Amino acid sequence: MPESKSANIVRAIAVVGPTGAGKTALTQALASAASGGSGAVPTAAGQSTETTFTAIDFMGDHYALIDTPGAIDFLADADTVLPGVDLAIVVADPDPEKALLLQPFMHALEVQNIPRALFINKIDQARGRIRDLLEALQPISSVPLVARQIPIWEGEKVGGFVDLALERAYHYEQGKPSKIIDIPKDLAERETEARFHMLEQLADFDDALMEKLLSDVTPDRDTVFADLVRETREGLIAPVFFGSTAQGHGVRRLLKALRHDTPQPKFAADRLGLMGAGAYVMKISHAGQAGKLAYARVLGKAMSDADTITLSNGASARPGALFSVNGAQTKKVSSAPEGDVVALGKLDPVAAGDLLGPAKKSHLDAPKRYPVYQLAIATKDRKDDVRLSGALQKLVEEDAGLQVLHDQTTHEILLLGQGEPHLRAVLDRLKKRFNVDVSTARPSTPYKETIRKSAEKRGRHKKQTGGHGQFGDCVIQVKPQARGKGFEFVDKITGGAIPRQWIPAVESGVQDAMTKGPIGFPVVDVSVTLIDGSYHAVDSSEHSFHAAGRIGMHEALAECDPVILEPVEKLSIYTPSTGTPKINSAVSSRNGQILGFEPREGWPGWDRVDCYLPHAERQDFIIELRSVTQGLATFEAQFDHMVEMSGRRAEDAAKKAQHNGASA
């Protein structure tokens, strides 16, 4: 933000809501109205993928507006931002059928006890009563939704509103501030009814106001506003406003309400557990030549670039630079007022969620978000391998929803993320910001193979060359083990048939043969017993017995009726209850097994569906889940067991393994 000419603090307001509601448009509209513009900003197509910071001044007050991503794929970007704000505006669509889309945002704010207000955008497109919309929205809020306004309808469109606290009517004016008008006579009774309902909701948290209402005493305006401010700041209610960013309607009125309702930064500091001057790190960014930047909120008092900061590890450090933040622009400054969001340069080690300064906790852990989509990646130019490793490390530091895994079974580098759009955005950043171009593929399924029969085989390695030859001879019995039992090697050599020092080499050779079985996959759950063998006093060696063990095991496995094992995962799917039947069908169609379902704890109207699902079926499963749940469903997955694979699917897996083996 620009350096303030006054000593006023800066209040931070997050703008949250689902894709398409007009979240970014509202941020821009508030900035426009604050600078004297019309506040009219059309809702842009597409979706934001990263948090952005916008600085505004309005009527002598200073604000940092924080626009967070709306798609569920990118919500992790807001997880460490929200704890540091003073209030959040939840932007909603006027269609009651889309009310459910707000629930992830409302739940996140409620869990963290962050004050919130709702802004119903696109009111010019509303086709039903606001009361019906509020009835649809109330079940997703744990606190009362308190309508601060009611619409003035002009035919089938909303032409203005009545402010229930001020008892004043406003008519929308195109490109200009709304005009005060008399409350329409046909709306007088509805206004009285709506205002009394608002007062009743406020009185639930104010005994004195309740007593006045029961005594038919009209509370004065100051009492009403005092209750609205206090109950909003304490998170007891969520006030509801409406307007249209496309027309600039209701934006200035929202700004004025935010001046009064938004708490001071000290409340955010208390909520974070900061016990003195310091900062809270909201986000990390690696910004080219500027290097690593920690976007942090200044709390407790103003910050100077000469200040020494206590890091989360207890060490003290001074930022390499202090930058104001406004959109994509950063500007080096010497100080920042309390409450401001700044970028701290060259401050290591810091991470998003760190509390810098005296605090009850040195770090706030973000909600755990499990990866639901994967891609295998490889550089197109092997010279970029080292650069890829460094770039991925920086991207993971920036993005709490991203993980990188080096799969030891398939030897692939895997990107794990929150959905296909999320990983597409990650790949775009990888190329544009770090100039690393990669190829992508569907991750390989880590199949294994095991055996269903027993066999006994002799493994003999004999080679004669000039000088000493090579000789190793062993007899092994191979039999299947119970699923999950793993590998077992039993030594039953007697009479010195194989000297003791070379028996470990036989075991090593056996295990070497198990890395790729007859079908082409690693072999598991077998027991191998070494029962006999022979050696040569001169030609035998560790290498010879390793080779003998490998040969014997390789030949034995081919006769033991090998079979493919596929990994099966246990999934906990979280979905709106309306989507549960469709999800049950989706699981069954993917060779999965429903284990049961129950209400999701803390999420009214949601279910948790538990199931088994083959790993091979999970890759694009999230795409299908979200297509039948308005983009809301997600899941947690963990490996559960291996199961024998048969039929066409087993044949296809075996052919693919043989093809890959031939190509290697």
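## Aromatic rings and a buried glutamine

The charged end of R600 sits over the ring of W603, at 3.9 Å from the ring centre. This is a predicted model. A second case of a charge over a ring involves K368 and Y370. The table lists both.

| Charged residue | Ring | Distance to ring centre |
|---|---|---|
| R600 | W603 | 3.9 Å |
| K368 | Y370 | 5.6 Å |

Searching the whole structure gives nine aromatic pairs. One of them joins F161 and Y172, with 5.9 Å from centre to centre and 45 degrees between the planes, a tilted arrangement. This pair links distant parts of the chain: F161 belongs to strand β8 (residues 157-163) and Y172 to strand β9 (residues 168-173), 11 residues apart.

Are these two residues buried or exposed? F161 counts as buried because its relative accessibility is 1%, under the 20% cut-off. Y172 is also buried, because its relative accessibility is 6%.

F161 and Y172 belong to a cluster linked by ring pairs, together with Y170 and F242.

Q149 lies in strand β7 (residues 149-154) and is buried, with a relative accessible area of 2%. A polar atom of the Q149 side chain is 3.0 Å from the backbone nitrogen of F242.

Conventions
Residues numbered from 1 in each chain as written. Predicted model: local features only at pLDDT ≥ 70, side-chain atom pairs only at ≥ 80, totals over all residues. Heavy atoms only, no water. Phe/Tyr/Trp six-rings, centres within 6.5 Å; stacked < 30°, edge-to-face > 60°. Helix = DSSP H or I, 4+ residues; strand = E, 2+ residues; numbered from the N terminus. Buried < 20%, exposed > 50% of the residue type's maximum accessible area, 1.4 Å probe, protein only. Lys NZ or Arg CZ within 6 Å of the ring centre and 35° of its normal. Polar contact = N/O pair within 3.5 Å; in protein donor to acceptor, adjacent residues only side chain to side chain.
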